[in-house]
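This report covers a pocket, the nonpolar cores and the aromatic pairs of one protein model. The sequence and structure come first.

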Amino acid sequence: MDVKIETSRLTLRPWGEEDVEQLTLGLNDLKLAKWMAFVPHPYSTLHAKNWIKRCQEIANAGIRPVAYEFAVELRPERLVIGGVSLNKIDREAGTGGGGIWIANDYQGRGYGREAFEAKIRFAFCELGLTKLVNGYFDGNENSWAMQRRLGYRRVAEVASSCMADGRQTIEHVTTLLRGDWEDREDQQSNRA
């Protein structure tokens, strides 16, 4: 499965071996990794190579993948600045999850929101999913602000831990229903 999604400034595309250096640089930053459940610190080249290999195995696993893992590439520079996931896809239930990260040097410019919106559109319009489940660690107000602007609602809190620094924390579980997203899209179209 070689899915590529274009936005005005970004390309979401499958991870490749050419991305090892940028992936390592982006995730080998404790200020970023502390907001992610399964990213170790320090994050090595071997971690990056293993992740890319895993993503390629997932992409080639069959006709109906249960996950899409995208590198977020800044156009026209063709520079990988982050990653976005659509995973835990259950087509019968119409659900999926996944997260996003943007390297610290590229945060605050709307790239995360642009990539996350593209993922949402793909999940609802291309895959026909009806509900996305995401979340954020306690204290990551930037993630919550982005999700809230995109229509997500907080639905639960669960105990979690961060691999990068070993701390125990709370994960705020969020959901977005396709109907709510469509209503939001319609409202924005009417304003334009």
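Which element gives the most to the lining of the second largest pocket? That element is α1, with 3 residues.

## Basis of the model

The model is predicted; local features need pLDDT of at least 70, side-chain atom pairs count only at pLDDT 80 or more, and totals for chains, interfaces and linings use all residues. Residues are numbered from 1 along each chain as its sequence is written, and side-chain values use heavy atoms, with hydrogens and water left out.

## The second largest pocket

Two or more lining residues come from each of α1 (20-27) and β4 (79-90); helices (H or I, at least four residues) and strands (E, at least two) are DSSP runs numbered from the N terminus. By class, the lining has 6 nonpolar, 3 polar and 2 charged residues; Gly counts as polar here.

## Nonpolar cores

A nonpolar core is a set of buried Ala, Val, Leu, Ile, Met, Phe, Trp, Tyr and Cys residues joined through side-chain atoms within 4.5 Å. Buried means under 20% relative accessible area (1.4 Å probe, protein chains only). In the largest core, of 29 residues, L86 and I120 touch the most other members. The elements that give two or more residues to this core are β2 (10-14), β3 (68-74), β4 and α4 (111-126), and α4 supplies the largest share, 8 residues.

Beyond its neighbours within four places in sequence, L86 has contacts (heavy atoms within 4.5 Å) that include V66, Y68, K119, F122 and L132. Apart from this core lies another, of 19 residues, among them L27, M36, V39 and A71.

## Aromatic pairs

Rings of Phe, Tyr and Trp (its six-membered ring) pair if their centres lie within 6.5 Å; planes under 30 degrees apart count as stacked, over 60 as edge-to-face and the rest as tilted. The count comes to 6 aromatic pairs. The rings of F116 and Y152 have centres 5.9 Å apart and planes at 40°, so this pair is tilted. F116 sits in helix α4 and Y152 in the loop between α5 (141-149) and β8 (153-161), 36 residues apart. F116 is buried at 2% relative accessibility, and Y152 is buried at 3%.

Y136 and W144 form a stacked pair, 5.6 Å centre to centre with 15° between the planes. Y68, F70 and F122 form one aromatic cluster.

Methods: Buried means under 20% relative accessible area, exposed over 50%, partly exposed in between (1.4 Å probe, protein chains only).
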